[in-house]
Amino acid sequence: MAKSPSFSCSACGASFTKWSGRCDSCGEWNTISEDTGLSVGPGAKSLGAKRGTGIALSDLRTEEAPPPRTASKMAELDRVLGGGLVPASAILVGGDPGIGKSTLLLQAAAQFARGGLKTIYVSGEEASAQVRMRAQRLGLGDAPVQLAADTNLRNILTTLEAEAPGLAIIDSIQTMWLDTVDSAPGSVSQVRAAAHELTTFAKRKGVSVVLVGHVTKEGQIAGPRVVEHMVDTVLYFEGERGHQFRILRAVKNRFGPAEEIGVFEMTGAGLAEVTNPSALFLSERGTPSPGSVVFAGIEGTRPVLCELQALVAPTPHSQPRRTVVGWDGGRLAMILAVLEARCGIPFAGLDVYLNVAGGMKISEPAADLAVAAALLSAREDSALPADTVVFGEISLSGALRPAPQTENRLKEAQKLGFASAIAPKGGKAYGSQGMTLNLMSDLTGFVGEVFGAG
Ligand code: TYD
Ligand code: MG
């Protein structure tokens with residue numbers, strides 16, 4: 001029998017076969033100790049003869065009303081939350097430093113407070129005066145939000161318990177510290193313990209808690225991933241620094257659909273809601289040029305059109321470059337391989353750049369065909385008609401697979417003035433929504449028809 005690991009890290013739970021001073025998994029010091037027996041794993045001790053007490057069971061069929069929700073009146077935020085804030089829920093808002101998390105949550109706090117929900121905003125990063133100044137700049141100076149600037153979680157929890165707000169915002173979880181944990185604020189064990197205290201407090205006292213978490217480069221400071229499993233809802237605030245668009249994305253939601261997005265624009269007066277993201281993402285599009293293709297995508301429950309841009313150029317290097325912004329690099333390699341193997345179109349000796357315009361990130365496989373179209377259009381130096389959208393998944397055999405919610409994609413494209421769509425054949429029948437449909441069953445047919453080559 002293989003020897004089972006007999007050392008584990010008290011901060012992250014990783015197992016090791018030998019002791020060391022620093023945990024390789026989470027980077028904490030002095031957290032590795034020899035397992036004494038009562039742990040999970042092959043070497044775990046059995047529970048023995050001592051019995052626990054019985055726990056109450058309830059019936060699955062019991063009727064439970066859906067949770068009441070409080071809307072913030074920021075439609076983009078409410079949708080991402082699944083229709084509003086659920087009482088006693090714990091929400092994590094993660095994102096790069098400087099992306100706009102504090103701005104978003106200050107605006108949300110003001111909206112909730114104005115709607116009558118008692119709201120407390122605890123900043124561990126800025127003094128109350130700084131937060132107040134920001135609020136004034138955002139035109140929120142009159143909102144009845146209570147402010148605190150502290151990092152001692154014991155004091156914060158005592159205050160929250162006494163004040164009994166409906167919503168507490170903790171900005172950020174990395175600055176909070178508990179005196180029961182030895183390590184420094186921001187370490188894995190502090191972040192985890194603080195998040196645990198706050199989420200159990202939310203459930204016990206019926207207070208909704210929002211935790212702000214900075215995404216950090218792997219290193220000493222623990223990122224939001226460490227607490228994702230503890231909270232009900234995980235939202236990520238994304239965007240490119242140089243762009244004004246910001247996307248709030250639900251990656252986990254116990255009370256609503258995941259992958260829902262809310263779109264905002266960072267302006268001089270804070271975050272403005274973008275109610276028609278397709279129009280915004282396409283607003284910078286000029287005359288049709290080779291390599292530019294409009295993809296009709298779905299984000300959560302909502303159709304979103306955006307522009308894919310490709311550039312293909314002979315490489316001066318022995319290893320051609322493959323650079324992707326806003327899409328998956330592995331998926332790009334796959335599309336290039338399928339184009340080469342199934343359609344005989346090589347990209348060897350060519351640098352390939354792919355960009356999703358506007359700082360949008362796409363993860364849908366339905367973007368495959370639009371990516372292939374952009375690559376071919378760039379390679380052949382031939383632009384697609386300006387009024388055409390493209391979508392569909394490509395399989396390794398070169399066959400095209402129908403994309404979900406085809407009708408919604410077509411409807412959105414039609415609404416924005418597009419007249420035709422290139423999409424996969426098959427699947428269930430759908431109405432053309434007033435569009436001219438160009439349906440294809442495989443990639444070779446697509447290449448032949450659209451670019452007149454095989
Ligand atoms: P912030 O909310 O502090 O980011 P985070 O909490 O995620 O670290 O936002 C910081 C950036 O937002 C900062 O670079 C300035 C910009 N900003 C605006 O452009 N307009 C505004 O009205 C505000 C408040 C901030
Ligand atoms: Mg901040």
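Helices of at least four residues and strands of at least two are DSSP runs, numbered from the N terminus, and the names used at each stop follow that numbering. Please also keep in mind that this is a predicted model.

**Stop 1: the loop around Ser172**

Select Ser172, which lies in the loop between strand E7 (167–171) and helix H5 (188–205).

**Stop 2: the domains**

Colour the chain by its domain assignment, which gives domain 1 (1–36), domain 2 (75–275) and domain 3 (280–451). Turn to domain 1 and domain 2, whose C-alpha centres lie 32 Å apart. At their interface, 4 residues of domain 1 are in contact with 5 residues of domain 2, and the area buried between domain 1 and domain 2 is about 360 Å², with carbon and sulfur atoms giving 43% of it. Which residues of domain 1 lose the most area to domain 2? Select Ala11, Cys26 and Glu28, which together account for 86% of what the domain 1 side buries. If you look for salt bridges across the interface of domain 1 and domain 2, the rule finds 0.

**Stop 3: helix H3**

Select residues 128–137, which form helix H3, and highlight its buried residues Ser128, Val131 and Ala135. Seen down the axis of H3, these buried residues fall within an arc of 65 degrees, so they line one face of the helix. The face turned away from that buried side carries the exposed residues Met133, Gln136 and Arg137. To see what the buried residues of H3 pack against, show helix H2 (101–114), strand E5 (119–123) and strand E6 (146–149). Following H3 you will find Gly139, whose phi is positive, near 75 degrees.

**Stop 4: helix H7**

Move on to residues 329–343, the 15 residues of helix H7, which reaches 21 Å from its first C-alpha to its last, close to the 21 Å expected at 1.5 Å a residue. Highlight Leu332, Ile335, Leu336, Val338, Leu339 and Cys343, which are the buried residues of H7. Because they cover an arc of only 160 degrees around the axis, they are on the same side of H7. Their packing partners are strand E15 (322–325), strand E16 (350–356), helix H8 (368–380), strand E18 (393–394) and helix H10 (443–451). Just after H7, select Gly344, which takes a positive phi of about 65 degrees.

**Stop 5**

Most residues other than glycine have a negative phi. With that in mind, select Asp381, a residue other than glycine whose phi is positive, near 55 degrees. Asp381 is placed in the loop between H8 and strand E17 (388–390). Is Asp381 buried or exposed? Asp381 is exposed, with a relative accessible area of 59%, and the cut-off for this word is over 50%.

Finally, select Gln405, which has a positive phi of about 55 degrees although it is not a glycine. Gln405 lies in the loop between strand E19 (400–401) and helix H9 (406–415), and Gln405 is partly exposed, with a relative accessible area of 35%.

Definitions and conventions: Residues are numbered from 1 along each chain as its sequence is written. Chains are lettered from A and ligands numbered from 1 in the order in which they are written. This is a predicted model: local features need pLDDT of at least 70, side-chain atom pairs count only at pLDDT 80 or more; totals for chains, interfaces and linings use all residues. Side-chain values use heavy atoms; hydrogens and water are left out. The expected span of a helix is 1.5 Å times one less than its number of residues. Buried means under 20% relative accessible area, exposed over 50%, partly exposed in between (1.4 Å probe, protein chains only). The arc is that of the directions from the helix axis to the C-beta atoms. Contact means heavy atoms within 4.5 Å. Domain bounds come from an automatic or database domain assignment. Buried area is the accessible area (1.4 Å probe) that two parts lose on being put together, summed over both. A salt bridge is a side-chain nitrogen of Lys or Arg within 4 Å of a carboxyl oxygen of Asp or Glu.
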